[in-house]
Amino acid sequence: MLNNFLSDEDVSQFRIWMDWADNFVITSHLSPDGDAAGAALAMLNYLRMKGKNAVVALPDGLPVFLKCLPSAGDIITFDRQPDRINELLDKADVICCLDYNAIGRVGGMATHLLYSKARKIMIDHHPFPGPFCDVTLSHPEASSTCEVMFHFLCALGEWEIVTRQIAECICAGMMTDTGGFTYNSNSSQLFFALSQLIDKGVDKDALYRRIFHSYSENRLRMTGYVLSEKMVVLRNCRAALITLTRKELDRFHSTKGDTEGIVNMPLQISGIVFSAFFREDAERGLIKISLRSVGDVPCNLLASEYFHGGGHRNASGGEFKGTMEECVKVFYQAIDDWSRSDDPSIRQIFDK
Ligand code: 5GP
Ligand code: MN
């Protein structure tokens, strides 16, 4: 049975907006993942079904493996059409901010989003939501923003009319943010939601294959290279580090999304509970940081303290302006600092 963490009151503002608003702009974060894309496209398909003029505007585009999602082809991106998106944000009646909690996560879209007179709603599951929306539905206990979207549509009383396409978008986000329901997914509510999606006609197994087993040959070969040549295992702190420079990425003709999932791989080693992956982003002139951890090891603390980032306890990220060598140095310094920490959740990685 559904135990909805959103009440009728939580969605009452949005319900009122739906009565008069025509123009909706749906936004999500830089380098959109399955949850960002799934939530945005679920909202898009829902609003269109309700006869609204809705558009998904993202800072940048989807990786190839997410382009199969319903209406993904309709997404417009700020890196290609900044003027059009600024105009849409200016003229919007409602802006939906999905799967992010800090305005900086939308990159160059931030200014027009902030200053737009539109009503704003945040639907998210990251801790510590920023104060930039009129309505904030933030549920860090949820596996994914898509799980919150499921509760949102139920609270609106709209589940009956939800289509298979909407359900598929929601399923994609729940699936990707839990690694195919293998972590952060010990929740009967999550599986209740999943059962409702399957009842709407979602083929979960086919979707899994389309999302997780659609790598290019180059990506698989790059994985081989990374694991044999680039993974540094730091047994003394139960951690591992992988770095990839632009040159190495080019060698494997790496495209957007090709490095997805690499950061999780070292956690397959028995005893390793912390994994860091640094990728040179030459276009943005920085190093992109991805961190993962197991149990209550707080990788988001390291992301926020050392890499201007944040995220969830077990999945976080950030950025570093400088060379890869400097970035690695900061990481080792962070680990050294952690070794002197009093916090038991941090200390545990050094305990034998
Ligand atoms: P990923 O490693 O998949 O890029 O990101 C994992 C999670 O870390 C994201 O869902 C997001 O919560 C967080 N994250 C990644 N990059 C950043 C960043 O630059 N800043 C902040 N605040 N969070 C980030
Ligand atoms: Mn998410």
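User: In this predicted model, what is the bridge partner of Cys-96 in β5?

Analyst: The bridge partner of Cys-96 in β5 is Ile-121, and Ile-95 likewise has a partner in β5, namely Lys-120.

User: What makes β4 and β5 a pair?

Analyst: Two strands pair if at least two bridges are found between them, and β4 and β5 are joined by 5 bridges and run parallel, so by that cut-off they count as paired. Ile-121 also has a bridge partner in β6, which is Val-135, and β5 and β6, again parallel, are joined by 4 bridges.

User: Why is β5 called largely enclosed?

Analyst: A residue counts as buried under 20% relative accessible area, and in β5 this holds for 5 of its 6 residues, so the strand is largely enclosed by the rest of the structure.

User: What coordinates the manganese ion (ligand 2)?

Analyst: The donors come from Asp-35 (OD), Asp-99 (OD), His-125 (NE2) and Asp-177 (OD), at 2.2 to 2.4 Å, and since the cut-off for a donor is within 2.8 Å of the metal, these atoms qualify. Along the chain they follow the spacing D-x63-D-x25-H-x51-D. Asp-99 belongs to the loop between β4 (94-98) and α4 (110-115), and His-125 to the loop between β5 (119-124) and β6 (135-138), so this pair ties together parts that are 26 residues apart in sequence.

User: Are Asp-99 and His-125 buried or exposed?

Analyst: With buried set at under 20%, Asp-99 at 1% relative accessibility counts as buried, and His-125, with a relative accessible area of 2%, is buried too.

User: What span should helix α9 have, and what do its end C-alpha atoms show?

Analyst: Helix α9 (residues 217-230) has 14 residues, which at 1.5 Å a residue should span 20 Å, and its end C-alpha atoms are 19 Å apart, which agrees.

User: Which residues of α9 are buried, and where do they fall around the helix axis?

Analyst: The buried residues are Arg-219, Met-222, Thr-223, Tyr-225, Val-226 and Lys-230. Seen down the axis of α9 they fall within an arc of 165°, so they line one face of the helix. An α-helix has 3.6 residues a turn, so residues three or four places apart point the same way. The face of α9 turned away from the buried side carries the exposed residues Glu-217, Leu-220, Arg-221 and Ser-228, while the buried residues pack against β7 (231-234), β8 (239-244) and α10 (246-251).

User: Why does Ser-254 count as buried?

Analyst: Ser-254 has 15% relative accessibility and therefore counts as buried, the cut-off being under 20%. Its place is in the loop between α10 and β9 (274-281), and, leaving aside neighbours within four places in sequence, Ser-254 is in contact with Met-222, Arg-246 and Leu-249.

User: In what sense do β7 and β8 pair, and to which sheet do they belong?

Analyst: They pair in the antiparallel sense over 4 bridges, with Leu-234 opposite Ala-239 in β8. Their sheet is open, has 6 strands with mixed pairing, and has the order β7-β8-β9-β10-β12-β11. Its edges are β7 and β11 (310-311), each with a single partner strand, so one side of each is left without a neighbour in the sheet.

Conventions:
Residues numbered from 1 in each chain as written. Chains lettered and ligands numbered in written order. Predicted model: local features only at pLDDT ≥ 70, side-chain atom pairs only at ≥ 80, totals over all residues. Heavy atoms only, no water. Donors = N, O, S within 2.8 Å, 3.2 Å for Na, K, Ca; no water. Helix = DSSP H or I, 4+ residues; strand = E, 2+ residues; numbered from the N terminus. Buried < 20%, exposed > 50% of the residue type's maximum accessible area, 1.4 Å probe, protein only. Expected span 1.5 Å × (residues − 1). Arc of directions from axis to C-beta. Contact = heavy atoms within 4.5 Å.
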